[in-house]
Amino acid sequence: MEKPKITKEHVKKLFDSKYVRVYDLFDSVGRPYYVASRRDVEDIAATKDYKEHQKMVADGVSCFVVIAPKGAEHKLLLVREFRYPTGQFLLGVPAGIIDPEDKQKEKPAVTAAIREIKEETGITIKEGDSIELINPLVFSTPGLTDESNALVSAVIRREDFELSSAGAEGTECFDGFELLSKEDARRILKKGCDDNGIYFSAYTWMAMMWFLSGFYQ
């Protein structure tokens, strides 16, 4: 099947705000397709060619944080954050937007991850810990939006920290933390929801699978 052709000239902006935009995409035969995006029309994924896709910087970062002090059971650190579109506190990973200033750095996603982990968990990445990029860009729900996240892992190899969400900004709202053992992660994955019966995001699912894989070790 021939690939639909989407060009900037065929994109119509339907809604514009500081945080989200809605576009109507038209391919070469004029079929409409609605998409939500954080990006300006000049930068939306739909009009990028293959090589431009490879150079994209993700909109945000999702952080897979493992507490792994020597000689102790490893735990996956998750947060409970109120996610407005769902109306619920969801079990999730520390996450946030990759700011324009981050994009000037050598490792934009890692730079953003260090900041978001500090703001949302109170943990400062220190010498002896490890932080690295897992995947530079993963699309969240590509049937509706070109929103994307980079995936970053952080392994905290000590016990000298205190958990706090005091650094939360704007509309961010948190309701505590969960430290999951591998047994906990398996149980929640099998149930398909958290212990309160609330469903979680795909990134939480990814984090638990990654934790169980042992790739971080």
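Residues are numbered from 1 along each chain as its sequence is written, and side-chain values use heavy atoms, with hydrogens and water left out. Because the model is predicted, local features need pLDDT of at least 70 and side-chain atom pairs count only at pLDDT 80 or more, while totals for chains, interfaces and linings use all residues.

The protein contains 4 helices and 10 strands (DSSP runs numbered from the N terminus, with H or I of at least four residues for helices and E of at least two for strands). Along the sequence, these elements follow the pattern β-β-β-α-β-β-β-β-α-β-β-β-α-α. The radius of gyration is 19 Å, close to the 17 Å that the globule rule gives for 217 residues, so the protein is as compact as a globular protein of that length; the radius is taken over C-alpha atoms, and the rule is 2.2 Å times the number of residues to the power 0.38. Of the 217 residues, 41% are buried (under 20% relative accessible area, with exposed meaning over 50% and partly exposed in between, for a 1.4 Å probe and protein chains only).

Just after H3, Gly192 takes a positive phi of about 85 degrees.

Turning to charge, the structure holds 18 salt bridges (a side-chain nitrogen of Lys or Arg within 4 Å of a carboxyl oxygen of Asp or Glu). In one of them, Arg115 pairs with Asp102, with the closest N and O atoms 2.9 Å apart. Arg115 lies in helix H2 and Asp102 in the loop between strand E7 (95–97) and H2, so the pair ties together parts that are 13 residues apart in sequence. Arg115 is partly exposed at 23% relative accessibility, whereas Asp102 is buried at 4%. Arg115 also forms a salt bridge with Glu116, at 3.6 Å between the closest N and O atoms.

Glu119, found in H2 (residues 108–121), is buried yet has no salt bridge; the nearest side chain of opposite charge, Arg115, is 4.2 Å away (Lys and Arg count as positive, Asp and Glu as negative, and His and the chain ends are not counted).
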